[in-house]
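Okay everyone, let's get going.

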Amino acid sequence: MLVAERVNAFITENAGKAVCDNCIVEGVGLTTHAHATQITAALGTTSDFRRWQGKCDLCRNERKVIRAL
């Protein structure tokens, strides 16, 4: 499975929750934060996801988050 597919699946599995890139990195097992940011930035431009500055529902930190719609 491609990294983008794994990130998409992680966000979708946490449907209804706002998830930050750091939690995605940990949840998917990525080695770099930049890779998650690149993927979530692209997903955020689609109609299936929303990306904004807010509180992550997993770690409770204020960061850039994404949620599946």
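So, which residues in H2 meet which residues in H3? On the H2 side we have Asp-21, Asn-22, Ile-24 and Val-25, and they meet His-33, Ala-36, Thr-37 and Thr-40 in H3; contact here means heavy atoms within 4.5 Å. The residues of that contact split into three nonpolar, four polar and one charged. Here Ala, Val, Leu, Ile, Met, Phe, Trp, Tyr, Cys and Pro count as nonpolar, Asp, Glu, Lys and Arg as charged, and the others, Gly among them, as polar.

Quick housekeeping: this is a predicted model, where local features need pLDDT of at least 70, side-chain atom pairs count only at pLDDT 80 or more, and totals for chains, interfaces and linings use all residues. Residues are numbered from 1 along each chain as its sequence is written, and side-chain values use heavy atoms, with hydrogens and water left out.

Helices (H or I, at least four residues) and strands (E, at least two) are DSSP runs, numbered from the N terminus.

Now the sheet. There are three strands in an open sheet, ordered S1-S3-S2, with antiparallel pairing; two strands pair if DSSP finds at least two bridges between them. S1 (19–20) and S2 (49–55) are at the edges with a single partner strand each, so one side of each has no neighbour in the sheet. S1 is joined to S3 (residues 62–68) by two bridges, and the two run antiparallel. Look for Cys-20, which sits opposite Val-65 in S3.
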